[in-house]
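Here's a quick tour for anyone meeting this one for the first time. Have a look at the picture, then read on.

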Amino acid sequence: MKWIPFNIHLILDAVAGFDFLVAPFLFGFEGLIRWFYFVNGAIVLLLILVTDPRISRVGNR
């Protein structure tokens, strides 16, 4: 069941990735927790960049 369009999903993912990158500065995270947020944010944004939104149209039922 599709609840939201794929492009909207990618936008929400981008917002989440950006939030992960900004959170350490906003909340003063240090050490390993800071790196956890940086790495997760970078991975999310990288995955968005390599995702082809046209793939969601293939095989629609």
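The protein chain has two helices and zero strands. Helices here are DSSP runs of H or I with at least four residues, strands are E runs of at least two, and both are numbered from the N terminus. Keep in mind that this is a predicted model, where local features need pLDDT of at least 70, side-chain atom pairs count only at pLDDT 80 or more, and totals for chains, interfaces and linings use all residues. Residues are numbered from 1 along each chain as its sequence is written, and side-chain values use heavy atoms, leaving out hydrogens and water.

**How the helices meet**

Helix α1 covers residues 6-27 and helix α2 covers residues 31-49; their axes come within 8 Å and cross at roughly 155 degrees. The axes are lines fitted to C-alpha atoms over the stretch in contact, with angles from 0 to 180 degrees between N-to-C directions. Angles under 35 degrees count as roughly parallel, over 145 as roughly antiparallel, 65 to 115 as roughly perpendicular and the rest as oblique, so α1 and α2 are roughly antiparallel to each other.

Which residues make the contact? On the α1 side they are L10, D13, A14, G17, F18, F20, L21, A23, P24 and F25, and on the α2 side R34, Y37, F38, N40, G41, A42, V44, L45 and I48. Contact means heavy atoms within 4.5 Å. Sorted by class, there are 14 nonpolar, three polar and two charged residues; Ala, Val, Leu, Ile, Met, Phe, Trp, Tyr, Cys and Pro count as nonpolar, Asp, Glu, Lys and Arg as charged, and the others, Gly among them, as polar.

**Two residues up close**

D13 sits in helix α1, and A42 belongs to helix α2. Both get a row below.

| Residue | Relative accessible area | C-alpha to C-alpha distance |
|---|---|---|
| D13 | 26%, partly exposed | 7.5 Å to I48 |
| A42 | 40%, partly exposed | 8.3 Å to F20 |

Buried means under 20% relative accessible area, exposed over 50%, and partly exposed in between (1.4 Å probe, protein chains only). Setting aside neighbours within four places in sequence, D13 touches V44 and I48. Along the chain, D13 and I48 are 35 residues apart, while A42 and F20 are 22 residues apart.

**The whole chain**

Of the 61 residues, 11% count as buried. The chain exposes about 5,100 Å², with carbon and sulfur atoms supplying 73% of it; these areas come from the Shrake-Rupley method with a 1.4 Å probe. Among contacts between residues at least 6 apart in sequence, 54% join residues at least 24 apart.
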